[in-house]
Amino acid sequence: MVPVELLRPASRLLIIAAHPDDETLGAGGLMCLLQRQRDTTVAIAHLTDGAPQDMHDATAAGFRDPGAYAHARRRELNAALEQLPDGTPELYALGFRDQEVAHGLLDAVAVVRGVVETFRPTIVMTHPYEGGHPDHDAAAFAAYAALSGPAAPKPPPRLLEMTSYYWTGDILHSGKFLPSAEPETTLHLSREVLAIKQRMLRCFTSQRRIIDALNVREDERFRPAPHYEFRRPPAAPGCIFYERFNWGLDSATWCEYAEAALKALHIAPIDVCRTAQLWL
Ligand SMILES: [Zn+2]
């Protein structure tokens, strides 16, 4: 059973994932249990198609170009979600390029608001802000900003987080969060549910190397989204995983984008003392 402190019966859950496979890594077991309980409707919105525009990424993954890579990722996603007891949840493809959501944060907020207006979730679940991937951080920002400020839906859905991955300078951590003051709920997956999740993950053949490196655990963790200060990097220098790659984006630039977007959306800065960014 899914604990009621995490999700009340008759909820409408919208998962905002940066890439196809993030929903399965973070909440594959949860989706499985919710479908069995039959009292919660789940939808998934993917910010990107999971295919970076750099030709090298496509060819390294075995595809002739980014378009072919994107098609493959969509096929993998559909195959994975068909493994769920009731099959594929409602899907929304939000149309951003992989690695590039941060360059269009205002657009990301607008499309997330559009999905929220259409699906009318009671709960929105997304990535934590932790410097693992700039699109994961952009998803955290877009979900937060879509539900904040003068244009927020009233009442706003609760904002929860699933786990992704983060770097501490020597180890890539997955299946758990950077520490915050928010209480976590741990969902222990039965052998049967874990087997379904692993079958789902095996469908993402183009991502096998990274998924294998992430060491999928026997539980899933969730928590309310902390009060992030998006104008500051989420981790100490040297602990922003994506800065290890030549993706043309560092965390300082990411934060400048976030600050400009918050200003444009008339979302007041939060009190830094309330943030859970413990390294500050
Ligand atoms: Zn991802």
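Biologist: What should I know about numbering and confidence first?
Modeller: Residues count from 1 along each chain as its sequence is written. The model is predicted, so to speak: local features need pLDDT of at least 70, side-chain atom pairs count only at pLDDT 80 or more, and totals for chains, interfaces and linings use all residues.

Biologist: OK, the sheet. What's the strand order?
Modeller: β3-β2-β1-β4-β5-β9-β8, seven strands in an open sheet with mixed pairing. Strands are DSSP runs of E, at least two residues; helices are runs of H or I, at least four; both are numbered from the N terminus. Two strands pair if DSSP finds at least two bridges between them.

Biologist: Which strands sit at the edges?
Modeller: β3 (90–98) and β8 (185–188). Each pairs on one side only.

Biologist: What does β8 pair with, and in which sense?
Modeller: β9 (residues 219–224), antiparallel, through four bridges. Histidine 188 faces aspartate 219 there.

Biologist: And β4? How many bridges does it make to β5?
Modeller: Four, in the parallel sense. Isoleucine 123 stands opposite arginine 158 of β5. β4 also pairs with β1 (residues 12–17), parallel, over three bridges. In that pairing leucine 13 is opposite isoleucine 123.

Biologist: Switching to helices. At what angle do α4 and α5 cross?
Modeller: Roughly 60°, and their axes come within 8 Å. Axes are lines fitted to C-alpha atoms, for helices over the stretch in contact; angles run from 0 to 180 degrees between N-to-C directions.

Biologist: What do you call that arrangement?
Modeller: α4 and α5 are oblique to each other. Under 35 degrees is roughly parallel, over 145 roughly antiparallel, 65 to 115 roughly perpendicular, and the rest oblique.

Biologist: Which residues touch?
Modeller: From α4, they include Leu105, Val109 and Arg113; from α5, Phe141 and Ala145 are among them. Contact means C-beta atoms, placed from the backbone, within 7 Å.

Biologist: How do they split by type?
Modeller: 11 nonpolar, no polar and one charged. Ala, Val, Leu, Ile, Met, Phe, Trp, Tyr, Cys and Pro count as nonpolar; Asp, Glu, Lys and Arg as charged; the others, Gly among them, as polar.

Biologist: What about α1 and α6?
Modeller: α1 (residues 22–37) packs on α6 (residues 191–202) at about 135°, axes 9 Å apart. That makes this pair oblique too. Gly28 and Gly29 of α1 are among the contact residues, as are Lys197 and Met200 of α6. This contact has seven nonpolar, three polar and one charged.

Terms used: Contact = placed C-beta atoms within 7 Å.
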